[in-house]
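Work through the exercises below with the coordinates open. Try each task before you read its solution.

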Amino acid sequence: MQPLQGITVVTLEHAIAAPFATRQLADMGARVIKIERPGTGDFARGYDERVRGLASHFVWTNRSKESLTLDVKHEEAQKILMRLIIEEADVVVQNLAPGAAARLGLSYEALSKVKPGIIVCDISGYGSDGPYRDKKAYDLLIQSEAGFVSVTGTPDTPSKAGPSIADIAAGMYAYTNILAALMHRQQTGQGQRIDISMLEALGEWMNYPLYYAFEGATPPARTGASHATIYPYGPFAAGDGKTVMLGLQNEREWKIFCDKVLLQPQLASEERFSSNAKRSAKRAELSALILQAFSSLTAADVAQRLEEAGIANAQVNTMAEVWEHPQLKARQRWTTVETAKGTVPALIPPGSWQHSAARMDPVPALGQHTDAILAQQGYDSARIEALRAEGAV
């Protein structure tokens, strides 16, 4: 039995934050019913066609769900949605435009009057109140507002993260808060409202640079792939043009690095490099020495020295190399999921469950489960076709 088996989630979601949260609930066995707009569905379905004609974001965040198409502005569709929530749902998740869910009667205040145990999770860019409540919020914009972009990139070029980290952060906090709310309901019988803000989620992840810049202190510098305050810690080119990523954490490792990797043990005792703060301040000088030492070596040679010395290191892998990563293969972290375009590989969710495997059911086609869900509500095929003709489903 999976941990959330028997829990039903109804979600009015699009893009990444809410779908990522609800997919993880589905991974743990919850029934997740995704409400989509007839004809077009979640707009993330149209982001690209990289996965055999399907969108990469959508395939990632929507497996193991049921897709029900409803025009939530249609009177009959509203009745279907409300009946589904009242009769079936334990959790309602939404990341519609601010105020849209409340106008549809889907606020916690409204739903809890008829279903006191309901859990409602609202996800938005800036939260349900405050001067930024109605401001549009996309991942890049939140990365900027939260200060992430200001400390990421090179000295000349501020940069966003490649993945949608503001969405991912919000999705993770929605997921964990929903789990906590389910535990609270189990203990008390009470439902509750959860208000997740992308800004606050990513703001939590920014606490190190925030504290580093405490009370007007200079913030961490943008240093590309290098660490802003620890050195050497980052990418270094070998003689064959390939890059090795390495990192030192303490003075013991610095001495070993000088002795076993650079083969220059005397560097460890030089006053200019005698502490991390001094090495970081003199990083241009130290970088030149390291690059000179690596210039006669291949990246494989450097990695071997680092491994033998017990110094942390990594390859700068491409996406193709991650697909073939030997550690993921050795730990059997790949499985497959079905889609409307055939079987595709998928990473098993992080963590190992002793008593059950993660649920890895198909990625739904748009409206794939509409007829079955409506039939469960007592609609016959003729009435379903009539609703479809009206554009309600």
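The model is predicted: local features need pLDDT of at least 70, side-chain atom pairs count only at pLDDT 80 or more, and totals for chains, interfaces and linings use all residues. Residues are numbered from 1 along each chain as its sequence is written, and side-chain values use heavy atoms, with hydrogens and water left out.

**Exercise 1. Describe the protein chain as a whole.**

Step 1: extent. The C-alpha trace spans about 85 × 50 × 40 Å along its principal axes.

Step 2: secondary structure. The chain holds 17 helices and 11 strands. These are DSSP runs, numbered from the N terminus: helices are H or I with at least four residues, strands E with at least two.

Step 3: burial. Of 393 residues, 44% count as buried. Buried means under 20% relative accessible area, exposed over 50%, partly exposed in between (1.4 Å probe, protein chains only).

Step 4: contacts, meaning heavy atoms within 4.5 Å. Among those between residues at least 6 apart in sequence, 66% join residues at least 24 apart.

**Exercise 2. Characterise the packing of helix α7 against helix α8.**

Step 1: geometry. The axes of α7 (residues 165-188) and α8 (residues 198-205) come within 8 Å and cross at roughly 95°. Axes are lines fitted to C-alpha atoms, for helices over the stretch in contact; angles run from 0 to 180 degrees between N-to-C directions.

Step 2: class. α7 is therefore roughly perpendicular to α8. The cut-offs are under 35 degrees for roughly parallel, over 145 for roughly antiparallel, 65 to 115 for roughly perpendicular, and oblique for the rest.

Step 3: residues. Those of α7 include Ile165 and Tyr173; those of α8 include Met198 and Trp205. The contact has 10 nonpolar, no polar and two charged residues. Ala, Val, Leu, Ile, Met, Phe, Trp, Tyr, Cys and Pro count as nonpolar, Asp, Glu, Lys and Arg as charged, and the others, Gly among them, as polar.
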